[in-house]
Amino acid sequence: MKPIKSPRSNIDRHSLGIDVRRELDMPSRRLFGKRILTLGGLAMLTGCSLSDDKSVETFLARVSRLNDSVQGWLFDPNRLAPTYTEAQITRPFPFNAFYGIADVPHVDGRDFRLKVGGLVRDRKDWTLADLDALPKTEQITRHICVEGWSAIGRWGGTTFREFLTRVGADTSAKYVGFKCADDYYESIDMPTALHPQTLLTLSFDGERLPAQYGYPMKLRMPTKLGYKNPKHIMEIFVTNTFPGGYWVDQGYNWFGGS
Ligand SMILES: Nc1nc2c(c(=O)[nH]1)N[C@H]1C(S)=C(S)[C@@H](COP(=O)(O)O)O[C@H]1N2
Ligand SMILES: [Mo]
């Protein structure tokens, strides 16, 4: 049963899942000196395999007890999150947002113009047709929400690395930020942006991404927790100024590692 959401209880649930030292969140420290936590690193630290729902639950319970000891873990830009078979896909796939499903934004794909800005060579807007024309790849991976559920889904699109290359992003910059159609916003570190499984996502389960899962476009990162994966992206920007995120700015940890 889906719990009724209030901002306060959301925060409690999310912070329960991720109770890692605040200091680790400081982007300056994380990217220089301290190491970036990944789901894989956290899983190893907690001794959980993340291969089934029960181990994910155990994982979420253990992560809530972690603190200083997590510091030594390194984000390995080449470590891949597990992938799954078609038979393992969770059906129906859960919907989640900071509002109920009735309030999902309905973006008109014909007018859609993805704004690309900040530290990029080519600041042009992208139509959905432009995005559709990019080379395609697919992944079946697990989405882990700190509210205590996880689900396996199949997402398709273009590697974000490919997209960043095409727009001439300054990949020595620290962050990539996202603004969404529903007031959500998020940001990620550049190593995660360039991770081979970070996907500019246009399809879900072989179909055009449906509204509730982020139409027209979302960013899918199996190496990050659910809330780090922005849906309905309207703007992408590359920056050295910490952009924060919808939950992070209410007290969550920024790394949201997975
Ligand atoms: N734009 C937007 N993106 C969002 C959210 C949101 O409220 N708005 N919620 C996040 C959270 S907490 C989760 S768990 C996932 C849920 O994605 P799903 O609906 O595809 O399961 O979206 C993430 N991205
Ligand atoms: Mo979430």
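At Lys-231, a polar side-chain atom lies 2.6 Å from an oxygen atom of ligand 1, whereas at Phe-98 the atom concerned is a backbone N or O, 3.0 Å from an oxygen atom of the ligand. Taken alone, ligand 1 exposes 540 Å², and the protein buries 100% of that area.

The space that ligand 1 takes is the largest cavity. Around the ligand are 22 residues, of which Pro-94, Phe-98, Asp-182, Asn-229 and Lys-231 come nearest. Classified by residue type, this shell consists of 12 nonpolar, seven polar and three charged residues.

Confidence was examined along the chain. The average pLDDT is 82, and 76% of the residues score at least 70. Over residues 1-34, however, the pLDDT is below 50, although the model gives this stretch 79 contacts beyond near neighbours in sequence. Residues 67-74 likewise stay under 50 in pLDDT; for this segment the model has 24 contacts beyond four places in sequence. Where pLDDT is low, predicted coordinates should not be read in detail. The contacts modelled for residues 1-34 and for residues 67-74 belong to stretches with pLDDT below 50.

Key: Residues are numbered from 1 along each chain as its sequence is written. Chains are lettered from A and ligands numbered from 1 in the order in which they are written. This is a predicted model: local features need pLDDT of at least 70, side-chain atom pairs count only at pLDDT 80 or more; totals for chains, interfaces and linings use all residues. Side-chain values use heavy atoms; hydrogens and water are left out. A residue is near a molecule or strand if one of its heavy atoms lies within 4 Å of it. A polar contact is a pair of N or O atoms within 3.5 Å; within protein, one must be able to donate a hydrogen and the other to accept it, and residues adjacent in sequence count only if both atoms are side-chain atoms. Accessible areas come from the Shrake-Rupley method with a 1.4 Å probe; for residues, only the protein chains shown count as cover. On a 1 Å grid over the protein atoms alone, a cavity is a set of points where a 1.4 Å probe fits but cannot get out, and a pocket is an open set with protein on both sides within 12 Å along at least five of seven lines; lining residues have an atom within 4 Å of a point. A molecule sits in a cavity or pocket if more than half of its atoms lie within 2 Å of its grid points. Ala, Val, Leu, Ile, Met, Phe, Trp, Tyr, Cys and Pro count as nonpolar, Asp, Glu, Lys and Arg as charged, and the others, Gly among them, as polar. pLDDT is the predictor's confidence in each residue, from 0 to 100. Contact means heavy atoms within 4.5 Å.
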